[in-house]
Amino acid sequence: MGRIEVRICGLGGQGVVLAGQILGRAAVIDGMNVVQTQSYGAEARGSAAKSEVIVSDKQIGFPHVRKCDVLVALSQSALDAHCKDLKESGILLVDGDLVSRVPERIDQVYKLPASRVAETRFKSRMYANVVMLGALTIIAGIASKKAMKEAIEASVKRETQEANLQAFEAGLDLQA
Amino acid sequence: MAGHLSSGTHFLQGNEAIAEAAMIAGCRFFAGYPITPASEISEYLATHLPKIGGIMIQMEDEIASIGAIIGASWAGAKAMTATSGPGFSLMQENIGYAFMTETPCVVVDVQRSGPSTGQATKCAQGDVMQSRWGTHGDYASIVLSPNSVEEMFYLTIHAFNLAEQYRTPVILLADEIVAHMREQIHIPPAESIDIVNRRKPKTQEERFFGGEEVPPMPSIGEGHNVAVTGSTHDEFGRRFTADPGVHQNLVTRLVGKIRNNAELVMDFEAYNATDCEIGFITYGCTSRAAYEAIEMARNNGINAGLIRLKTLWPFPERIVQSMARNAKKIIVPEMNVQQLFFEVERATKGATEVIPVNKIGGGEMLTPEELYSQLKGSEN
């Protein structure tokens, strides 16, 4: 499969770091080499946050994403800051209710109602990140569904495992 | 020794790998004070260390934290603390005390941007010289520099082993990037990992502070007459605060036990190091960009090489000197405003041109492209 570079960006509190960790863990379960990094502000909520995952069948040197194959943006400010780093052939996933302006040059854009689904189905926007991962799994196929589910179980608190797995399924359904 | 995880492949954060390795190395006492980007080490050990009979204690500050691990070590435990720049500064006095009293312990400094509070969540490599010269007086430090999650694991175990072998504090100088990144890591079966334990005295009469390069270390509570002092002392631990000979003997031995064994302690990875025209001397997270730059150079017919230091101190100067004999230029990339660069210049004694490449602020790494363009620019 070569090398895929993914960046998930949004605001602190939206779960972008956890989303990157789940994706990275799933790719490791699938037997790939993975480096996952993150960047966030000193504040617990509201500052710019991003999480990056590099998946490769070879050893990975430089750990940061320079040009992404896949960009997931959960806020307008995050998309505005990061869309310049999306490859021309790259795939963009946005939360369609939180991001309204998407640059025209990007061909492959998926607008997904992740936070709306999270709010109506699970009564909390906290699940939007995992809904997004479901859609991402269908669209980009970086890690297998089975590995993603295993990674979710291993990454979230036991009390929220069931809801997170359902959120993942809801995300899969968005693109089914 | 048992850790929390079973052997096999895991997806771990660098800080978690340090904590897991510490448990496997035999660490049963951890004291620390929370600080970004090192807190996950405390969090992991708070959750898991008590399950294997260890103690994790959050102290009131970093001075108390290192005080507590020195005490724990003298009570017979393998002990560790973890912090970042501001806390590392606070610990310096007691690091000197640990050196002077020959107390094995591990101090993790996960470097972030400084000085002072700097950019608390952002990566830097600005504590290289502090890790060597941070406390006062004459001493020699052992400082290890990991560049991956897996190496966080192995160098933590190595840090404990060196601390026990040489009865000295050992500093694991990590950085925010490697500490916070997650990678796959293969944890081997515990029984396949070599663990070193301090040599204990065989009789009541042994000298615990001299008589040989690394004397045996008793534990408090075992019935030995042992006085532990940071003041100058003879081989029995008796204070001599004016006698020039006692001080000379003691400090010469303390520095000597590291310097004389430097070749055994130092570790590095070399690629085309002694035959290259242009070489990198690199360490920590920055080395990951350097490896990619070397690959780009090779694809473009540039004869480049690399030395990655796993031991910053003692500084592996012989391999650096070997590179300098043939290389026209040596590039030292760092996320600071020149630190190890000066040591490379010192070691190479003018044999070749040494070029610093530096970047600070925002935790932004030197990229492979930036380093490759340095290689290319230095070709002529």
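Here is a short chat about contacts within and between two chains of a predicted model.

Modeller: Quick ground rules: residues count from 1 along each chain as its sequence is written, and chains are lettered from A in the order in which they are written. Since this is a predicted model, local features need pLDDT of at least 70 and side-chain atom pairs count only at pLDDT 80 or more, while totals for chains, interfaces and linings use all residues; side-chain values use heavy atoms, with hydrogens and water left out.

Biologist: Why is B:T352 called buried?

Modeller: Buried means under 20% relative accessible area, exposed over 50%, and partly exposed in between (1.4 Å probe, protein chains only). B:T352 has 11% relative accessibility, so it counts as buried.

Biologist: And what does B:T352 touch?

Modeller: Leaving aside residues up to four places away in sequence, B:T352 touches B:A324, B:A327, B:K328, B:K329 and B:I330. Contact means heavy atoms within 4.5 Å.

Biologist: What makes A:F122 and A:Y127 a tilted pair?

Modeller: Rings of Phe, Tyr and Trp (its six-membered ring) pair if their centres lie within 6.5 Å; planes under 30 degrees apart are stacked, over 60 edge-to-face, and the rest tilted. By this rule there are 6 aromatic pairs over all chains. The centres of A:F122 and A:Y127 are 5.5 Å apart with planes at 45°, so this pair is tilted.

Biologist: Are those two residues buried or exposed?

Modeller: A:F122 has a relative accessible area of 12%, so it is buried. A:Y127, at 14%, is buried too.

Biologist: Which rings does the charged end of B:R132 sit over?

Modeller: The rule wants NZ of Lys or CZ of Arg within 6 Å of the ring centre and within 35 degrees of the ring normal. The charged end of B:R132 sits over the ring of B:W133, 3.7 Å from its centre, and over that of B:Y139, 5.5 Å from its centre.

Biologist: How do you know that A:R3 and B:E292 meet in a salt bridge?

Modeller: A salt bridge needs a side-chain nitrogen of Lys or Arg within 4 Å of a carboxyl oxygen of Asp or Glu. For A:R3 and B:E292 the N to O distance is 3.8 Å. Chain A and chain B have 3 salt bridges between them.

Biologist: How much area do chain A and chain B bury between them?

Modeller: About 1700 Å², 52% of it on carbon and sulfur atoms. Buried area is the accessible area (1.4 Å probe) that two parts lose on being put together, summed over both. In chain A, A:Y40, A:F62 and A:R66 lose the most area to chain B, together 29% of what that side buries.
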